[in-house]
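User: I would like to learn how to read some features of a protein model, taking each general idea before its case.

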Amino acid sequence: RSYVERKSVLSRMNIDMHNRFISVTNSIEITQIPNYVINCENFFGKKVALICIDYLGLVNNNDFKKVEYDRVTNNINRIRDYGKHTKIPYLILSQIKREGIQQRINLFSAKSSGDIEQASYAVLSLEEINSDNLKHFDMAEQCGITETTIMNMRDRKETLLNLAILKNRSGGKDEVLLRYDRRNLRMTEYVTQESVI
């Protein structure tokens with residue numbers, strides 16, 4: 001709410017500190033990440049638990065300014081090294097390619113660099129299911145989802161999403177359907193009427 005209402009930076013920092021959550025809202029250089037982590041740890045007197053990057057394509061890299069592929073490749077490999085060195089997990093969002101996706105997002109759909117899937121411990125995809133791509137989601141068919149279901153959800157300002165684990169170095173792959181409520185931006189597992197009874 002403080003961001004939407006454009007409250008002062010100090011007010012926003014107080015909220016972030018109360019929640020033990022630091023938000024850096026400007027694009028930063030890849031080499032600055034370790035300094036941000038050290039400063040946060042010194043400020044709070046405890047180890048950083050998680051670093052989220054939204055999104056990988058916006059992280060600057062002064063060594064690779066012109067070629068996006070080289071910049072993203074170098075950034076993801078540096079982040080992997082930062083994570084290994086500090087034992088801090090990174091949650092990194094990446095866009096997908098606009099071209100080349102025939103049916104569904106797959107492990108190789110990340111935009112810019114193939115190193116994204118190679119350097120990652122786990123890769124997840126989050127994809128909207130709509131009338132155009134419904135036939136490509138076996139899970140939706142198993143749950144009895146039809147075009148009517150999707151239209152009814154749309155009328156309730158809801159979207160059906162598919163969350164899939166595409167890569168997992170310590171386990172298997174799986175997927176789950178989610179109900180995204182656009183009124184409050186919340187996602188919950190999609191439960192069919194049959195499974196409730």
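User: How many salt bridges are there by the rule used here?

Analyst: In general, side chains of opposite charge can pair when their charged atoms come close. The rule counts a salt bridge where a side-chain nitrogen of Lys or Arg is within 4 Å of a carboxyl oxygen of Asp or Glu. By this rule the count is six salt bridges. This is a predicted model, in which local features need pLDDT of at least 70 and side-chain atom pairs count only at pLDDT 80 or more, while totals for chains, interfaces and linings use all residues. Residues are numbered from 1 along each chain as its sequence is written, and side-chain values use heavy atoms, with hydrogens and water left out.

User: Which parts does the pair of Asp-63 and Arg-78 tie together?

Analyst: The closest N and O atoms of Asp-63 and Arg-78 are 3.1 Å apart, and the two form a salt bridge. Asp-63 lies in the loop between β1 and α3 and Arg-78 in helix α3, so the pair ties together parts that are 15 residues apart in sequence. Helices (H or I, at least four residues) and strands (E, at least two) are DSSP runs, numbered from the N terminus.

User: How is the exposure of Asp-63 read?

Analyst: Relative accessible area is sorted into buried (under 20%), exposed (over 50%) and partly exposed in between, with a 1.4 Å probe and protein chains only. Asp-63 has a relative accessible area of 56%, so this residue is exposed.

User: Which salt bridges join into one network?

Analyst: Glu-158 forms a salt bridge with Arg-156, their closest N and O atoms being 3.1 Å apart. Glu-158 counts as buried because its relative accessibility is 9%, whereas Arg-156 counts as partly exposed at 39%. Salt bridges that share partners join Arg-156, Glu-158 and Arg-179 into one network.

User: Which residues of helix α6 are buried?

Analyst: Helix α6 covers residues 147-155, and Thr-149, Ile-150 and Met-153 are buried in it. They cover an arc of only 95° around the axis, which puts them on the same side of α6. The arc is that of the directions from the helix axis to the C-beta atoms.

User: What do the buried residues of α6 pack against?

Analyst: Packing is read from contacts, that is, heavy atoms within 4.5 Å. The buried residues of α6 pack against β3, β4 (158-168) and β5 (175-181). After α6 comes Lys-157, whose phi is positive, near 60°.

User: With which residues is Glu-128 in contact, leaving aside its neighbours within four places in sequence?

Analyst: Glu-128 lies in strand β3 (residues 122-129). Leaving aside those neighbours, Glu-128 is in contact with Asn-133, Phe-137, Thr-159, Leu-160 and Leu-161. The C-alpha atoms of Glu-128 and Leu-161 are 4.4 Å apart, although 33 residues separate the two along the chain. With a relative accessible area of 40%, Glu-128 is partly exposed.

User: How is the aromatic pair arranged?

Analyst: Rings of Phe, Tyr and Trp (its six-membered ring) pair if their centres lie within 6.5 Å; planes under 30 degrees apart count as stacked, over 60 as edge-to-face and the rest as tilted. The structure holds one aromatic pair. The ring centres of Phe-43 and Phe-44 are 5.1 Å apart and the planes are at 85°, so the pair is edge-to-face. Phe-43 is exposed at 52% relative accessible area, while Phe-44 is buried at 19%.

User: Where does the backbone call for attention?

Analyst: One place is the cis peptide bond that joins Asp-54 and Tyr-55, with omega about 0°. Tyr-55 lies in the loop between β1 (51-53) and α3 (68-86). Positive phi in a residue other than glycine is another feature to look for: phi of Lys-87 is near 60°. Lys-87 is in the loop between α3 and β2 (90-92) and counts as exposed at 67% relative accessibility. Leu-185 also has a positive phi, of about 60°, although it is not a glycine. Leu-185 lies in the loop between β5 and β6 (186-189) and is exposed, with a relative accessible area of 62%.

User: How many helices and strands are in the protein chain?

Analyst: The protein chain has seven helices and six strands. Of its 197 residues, 32% count as buried. Residues 24 or more positions apart account for 53% of the contacts in the protein chain with a separation of 6 or more.
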